[in-house]
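Subject: Structure for you to look at

Hello,

I am handing over the structure we talked about.

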Amino acid sequence: QVQLVESGGGSVQAGGSLRLSCVASGRTLASYGMGWFRQAPGKEREVVASINWNGGQTYYADSVQGRFTISRNHAQNMLLLQMTSLKPEDTAVYYCAASGDYTCSRYGCNTDSVYPYWGQGTQVTVSS
């Protein structure tokens, strides 16, 4: 069983930065595709970024392209999301997710339904 635990959320002013971490336990995720999703109040969960098993394939939502960077650290079984130039519209609960599906592993996946493993989420609040 895979457990994912996010950390690094908090409250910042617009223009600030945060670094989210997601640590996995129970299994090494070196061969898994992983992603960051977010859900704002009253809105559906949406993909923020995804990454394939070796970091060679990444995807970013248009809304975060150029501001967020997804990466992974196999040695620490960790997924990271560096967020810069934060905007109030980035306010949401951020979740990390993992999938051992072959396609997700090789190319990354952007659809939440294909991810079986999820963290509990970490709140990011950006004030104007």
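How much space lies in the largest cavity? The answer is about 60 Å³. Please keep in mind that this is a predicted model. One cavity of 30 Å³ or more turned up when the whole structure was searched.

The lining of the largest cavity includes Cys22, Ala24, Arg72, Asn73, Met78 and Leu79. Three strands each supply at least two of the lining residues: S3 (18-25), S7 (68-73) and S8 (78-83). By class, the lining has seven nonpolar residues, three polar and one charged.

Next, the disulfides. A disulfide is a covalent bond between the sulfur atoms of two cysteines. The count here is two.

Cys22, which is one of the cavity-lining residues, is bonded to Cys96, with 1.9 Å between the sulfur atoms. This pair links distant parts of the chain, since Cys22 sits in strand S3 and Cys96 in strand S9 (residues 92-99), 74 residues apart. The link is right-handed, with 45 degrees about the S-S bond. Are these two cysteines buried or exposed? Cys22 is buried because its relative accessible area is 1%, under the 20% cut-off. Cys96 is buried as well, at 0%.

The other disulfide joins Cys104 to Cys109, also with an S to S distance of 1.9 Å. Its link is left-handed, with -100 degrees about the S-S bond. Cys104 counts as buried at 0% relative accessibility, and Cys109 counts as buried at 10%.

With bonded cysteines counted along the chain, the pattern is 1-2, 3-4.

Regards

Note on methods:
Residues are numbered from 1 along each chain as its sequence is written. This is a predicted model: local features need pLDDT of at least 70, side-chain atom pairs count only at pLDDT 80 or more; totals for chains, interfaces and linings use all residues. Side-chain values use heavy atoms; hydrogens and water are left out. On a 1 Å grid over the protein atoms alone, a cavity is a set of points where a 1.4 Å probe fits but cannot get out, and a pocket is an open set with protein on both sides within 12 Å along at least five of seven lines; lining residues have an atom within 4 Å of a point. Grid points are joined across faces, edges and corners, and a volume is the space filled by probe spheres set on the points. Helices (H or I, at least four residues) and strands (E, at least two) are DSSP runs, numbered from the N terminus. Ala, Val, Leu, Ile, Met, Phe, Trp, Tyr, Cys and Pro count as nonpolar, Asp, Glu, Lys and Arg as charged, and the others, Gly among them, as polar. A disulfide is a pair of cysteine sulfur atoms within 2.5 Å. Buried means under 20% relative accessible area, exposed over 50%, partly exposed in between (1.4 Å probe, protein chains only).
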